[in-house]
Amino acid sequence: MDRAIATGETQSGADWKVGVDIGGTFIDFCALEANSGRVASLKVLTTPEDPGAELMTGLGLLSEREGFDPTRMTRFVHGTTVGINTIIQRKGAPLALFTNAGFEDVIELARLRMPDMYSLFCARPEPLVSRDMVFGIPVRMRADGAESQAPDMAAVERAVGAAKANGAQGIIVSFLHAWRNAAQEASVKAAIARLAPELFVFTSAEVWPVIREYERSSTAILNGYVHPRVSGYLTALEERLHRRGVPARPMLTKSNGGLMNAAEGKRACVNMLLSGTASGVIGASWLARQAGEDRVLTLDIGGTSADFALIIDGEAQFGTGELIGEFPLHIPSVSVSSIGVGGGSIASVDAQGVLRVGPESAGSTPGPACYGRGGDRATVTDAMVVCGWLGHSEMAYGQLRIDNGLAHRAIGELAARLGRSVEQTAQAILDVAVSEMFVEVEKLASRAGVDLRDFTLMPFGGGGPMLGAFLARELGMKRVMAPRRPGVVSALGGLVADLRGDFIRTIFAPLSTASLPVIREAFEALAQEGRDWLAAQGHDAVAQFNLTCDMRYIGQSYEIEVVLSPQWLADDAAAIAQAFHLTHQQLYYFHDPDGAIELVNVRLSAIGAGPALSFPEADEIEALASPTRRLPVYTGLGVETVDLHDRQTLVPGSTFNGPAVVVQEDTTFAIPAGARARVDRHLNLLLTFAE
């Protein structure tokens, strides 16, 4: 942590802004004293048995070490994995689903797609709502929004009684064509509230009013499944912050990279399922813009997973259909690809004698063997220790001390089974981990149609800098940029994020001059929703509205999202058509200038800018960095003696060559041979590889 300001100086004039992100192994803190620009950061081991307790521990440590005053906190932003972990571990609320009679199999049928069509062993996940908890209600709405059959309230009453008898804690109501007219869902919700006020109820239209019954139903189910745990967690969080005297209104990071207040988070739980991974990309985007990097591949490695995302023209990329465990999330999210390879990923040898890495993770409890917390199975972190890249300083701000002997013992058990030396086995674990990440990144690049040789890799998270340079070298990337505090980039993302609310209307209209009034009306309604939402978040400044449409050629079964200018909605259908053709050409290298176009959804993002933050910069003074000492490292070809640098001693303009190890409070940076390192004026560590 930086100690540019002494403890006694953070008194009445202090303005602390704190970002917090909870991962699978650590909770990260990034605290900015806005008046001075000083940044304090911290990592604390998570407490899975009592989520939120580690937050209080961290705030206490910041107070002791940094003079941080919680009563002077004017901004508190929090990202958590409570929601996504609830789904992955299948520990959510027992739910019942009320749908149209005759459509009870909507969740099991889904889209009739297998998760991996090329796998002989692929199977669809078990639904979060079992078939015996799905109840068909005689009710029907036509596609034009006209009621064909009113809800049978006697059937609703019977279904409520059966749901309660089967142990349901909540009910999801999802009827056909509720995106067009939500009245039937609303009336059934009101009836359930009268019949069983102890049950919580969500309707599909209030969660995400989009066409296609499976997508709408599954999104509402995800929201209800995590609701009790997320709501209980956030209530406890607010109480803990109140007891610490924190005046700031707690804000939450969202899957779309924006923020919302905790009150909304208790209702719209589905919006924060990917909050941690999204805020990491937002933090990386901000750092990339500060450094003038406009094309970046982010690599966020924690204890459990490695997450990848593309930053193009300095901005994060967005999409829908991101996976939450085994289930697709159909709301706008920062586009992130994940793989179960992290620092805590466990290495094993299968029955055929093949070395495997992940997806099982040691987490924070008991953690990798080298942590000395009871873990005895070999992990990626243990392999880094055995090879000599890791273990030369305290880790996680003094939270951990590495036990080299325990790492050797854990790796040694695998080495005996493989018939290799301990060092060779450790290197093999690292090679497998990098190769698995390589495959996932290549998929991401292919989907996006980009050449990664034109990108800079930004590794962050506790494990990103450990493996990032090796991955970049395998991908043929020429540049790597590691931020000053890679371990807390996700927490930083919360500090720099904007308020962002996403709203949607399905309109289903052919693109023509005659349909422009319908589009304008939908846009105006969404804009009012956006203004109301921002006001509820406490934002009273100027807002930005981004308009897009989901469009397709008539006859296609899929849509693409097209950015629109509001001015086109007045009388310029030709400009809208041209934007669609251009987007279709960019995505598929094909467009049909004579093809008839259909608009499916109108989307609007309401954005309220967050505080303008800046970190101190310094002039670069070219100088060759002096290593703290030299140490032996097994590089795969043998043991080499490499330089060890302390990140605290590296000033802007410092240069050195790999192979080398850079140690710091929150991570360790492993730098392979052939890399040239330089520290820029933002204190980023830049690597360039020779041709």
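A: We may, with the caution that this is a predicted model. We begin with aromatic pairs, of which the structure holds eight.

Q: How are the rings of Phe503 and Trp533 arranged, and why is the pair classed in that way?
A: The general idea is that planes over 60 degrees apart count as edge-to-face. Here the planes of Phe503 and Trp533 stand at 75 degrees, with ring centres 6.4 Å apart, so this pair is edge-to-face.

Q: Which parts of the chain does this pair link?
A: Phe503 belongs to strand β25 (residues 499–510), and Trp533 to helix α15 (residues 516–536). The two residues are 30 residues apart, and the pair links distant parts of the chain.

Q: Are Phe503 and Trp533 buried or exposed?
A: A residue counts as buried when its relative accessible area is under 20%. Both Phe503 and Trp533 are buried.

Q: How does the pair of Tyr553 and Phe580 read?
A: Its ring centres lie 4.7 Å apart and its planes meet at 75 degrees, so Tyr553 and Phe580 are also edge-to-face. This pair, too, links distant parts of the chain: Tyr553 is in strand β26 (residues 543–553) and Phe580 in helix α17 (residues 573–588), 27 residues apart. Both Tyr553 and Phe580 are buried.

Q: Which residues form a nonpolar patch on the surface?
A: Tyr558, Leu587, Tyr588 and Phe590 form it, and together they have about 400 Å² of accessible area. Among them, Tyr558 is placed in the loop between β26 and β27 (560–564).

Q: Why does Tyr558 count as partly exposed?
A: Partly exposed residues fall between the buried limit of 20% and the exposed limit of 50%. Tyr558 has 34% relative accessibility and therefore counts as partly exposed. Ser148, in strand β8 (residues 147–149), is read likewise: its relative accessibility is 42%, so it counts as partly exposed.

Q: Which residues does Ser148 touch?
A: Leaving aside residues up to four places away in sequence, Ser148 touches Arg140, Met141 and Arg142.

Methods: Residues are numbered from 1 along each chain as its sequence is written. This is a predicted model: local features need pLDDT of at least 70, side-chain atom pairs count only at pLDDT 80 or more; totals for chains, interfaces and linings use all residues. Side-chain values use heavy atoms; hydrogens and water are left out. Rings of Phe, Tyr and Trp (its six-membered ring) pair if their centres lie within 6.5 Å; planes under 30 degrees apart count as stacked, over 60 as edge-to-face and the rest as tilted. Helices (H or I, at least four residues) and strands (E, at least two) are DSSP runs, numbered from the N terminus. Buried means under 20% relative accessible area, exposed over 50%, partly exposed in between (1.4 Å probe, protein chains only). Patches are made of residues with over 30% relative accessible area and no salt bridge: like charges are joined within 9 Å, nonpolar side chains (Val, Leu, Ile, Met, Phe, Trp, Tyr) within 5 Å. Accessible areas come from the Shrake-Rupley method with a 1.4 Å probe; for residues, only the protein chains shown count as cover. A salt bridge is a side-chain nitrogen of Lys or Arg within 4 Å of a carboxyl oxygen of Asp or Glu. Contact means heavy atoms within 4.5 Å.
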